[in-house]
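Subject: Structure handover, cavities and a pocket

Hi,

Here is the structure for you to look over. My notes on its voids and the strands around them follow.

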Amino acid sequence: MNDALQSLLDLLDLERIEEDIFRGTSRPSVVPRVFGGQVAAQALVAAGRTVPGDRTPHSLHAYFLRPGDAGAPIVYTVDRIRDGRSFTTRRVVAVQHGQPVFHLSASFQTYEEGLEHQEPMPAAPDPLTLPTAEEMLPRYAHRFLDPGVAERLLEARAAVDLRYVDEPPFGSVGEPREPKSQVWFRTRGKLDGAIDQPLLHICLVTYVSDMTLLDSVLLAHGRGGWATGDVVGASLDHAMWFHRPFRADEWLLYDQESPSASGGRGLGKGRIFTADGRLAVSVIQEGVVRVPRS
């Protein structure tokens, strides 16, 4: 396990300050606000710590309300909405400077057998044949408004080995493409011992799920993203459904597409598959995607 992964695990290890109140810190981001995947993952950690250990999340629905301040702690208050025989529901509000910045509802379920079917896994190359972020990102530094962005992106993603199947949006500026994107990812190190719990794997994938989901919106219009200065944006809402068990420290394919963009907003849909073809997670996110005014 590298230092960056340990730092991310520490970030998700919230401080309990009351029975259902937790406090988390933030790590530096490449944008001047808290990374959305971080606050979503921390909120899910807070919810999970009030739920019996035999129940894992099967869905979450969240809204990003205000930009988070990376220099201030975030307080997570958990409401115990319902504890049923099979399902448990929790609501979490994240607060900074006396104002809510994020809201999450999550549902947990005990394991049970049931009907089974899924979409097939799409074709994708072996992740080990694809360039690493360290090999790929420096090639595009000249496209960024600030050449230091490449280094900050590498630092922000140092805990995760994330590999693009095709060129990212900032690699094909001005060339509209089919609004589809794929990345492979896994943590940079194995999770074992006491921390190797299903909830942690789910929270880590929640963290990563916000990194690239709106890329397909940009691809449809030949836009490079905030780093190139041709759009401004932010996550608005985020929903995830956890279908089958998976490990965040083993390769996962994140298959993404955008069915629509309008009104200054873009919609991204994602499916996360295990390397052996099981559909593990479905994701939908809408975000602000605006062309800067001249």
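The second largest cavity has a volume of about 30 Å³. Before the rest, the ground rules. This is a predicted model, numbered from 1 along each chain as its sequence is written. Local features need pLDDT of at least 70, side-chain atom pairs count only at pLDDT 80 or more, totals for chains, interfaces and linings use all residues, and side-chain values use heavy atoms, with hydrogens and water left out.

**Terms**
- The search uses a 1 Å grid over the protein atoms alone; a cavity is a set of points where a 1.4 Å probe fits but cannot get out.
- A pocket is an open set with protein on both sides within 12 Å along at least five of seven lines, and lining residues have an atom within 4 Å of a point.
- Points are joined across faces, edges and corners; a volume is the space filled by probe spheres set on them.
- Helices (H or I, at least four residues) and strands (E, at least two) are DSSP runs, numbered from the N terminus.

**Second largest cavity**
Its lining is Tyr164, Asp166, Glu167, Arg177, Lys180, Ser181, Gln182 and Leu219. That makes two nonpolar (Ala, Val, Leu, Ile, Met, Phe, Trp, Tyr, Cys, Pro), four charged (Asp, Glu, Lys, Arg) and two polar residues (the others, Gly among them). S8 gives the largest share, three residues.

**Largest cavity**
The structure holds two cavities of 30 Å³ or more. The largest has a volume of about 40 Å³. Its lining includes Leu8, Phe185, Arg186 and Tyr207. Strand S8 (180–187) and helix H5 (198–209) each give two or more residues. H5 gives the most, with four. By class, eight are nonpolar, one polar and one charged.

**Strand S8**
S8 pairs (at least two DSSP bridges) with S7, residues 160–164, antiparallel over five bridges. Trp184 in S8 is the bridge partner of Arg163. S8 also runs antiparallel to S10 (residues 252–262), joined by six bridges. Here Gln182 stands opposite Asp255.

**Second largest pocket**
The volume is about 970 Å³. Of its 29 lining residues, Gln109, Tyr111, Phe242, His243 and Arg244 are the closest to the centre. S3 (55–64), S6 (99–110), H5 and S9 (232–242) each supply at least two lining residues. The classes are 11 nonpolar, 10 polar and eight charged.

Best wishes
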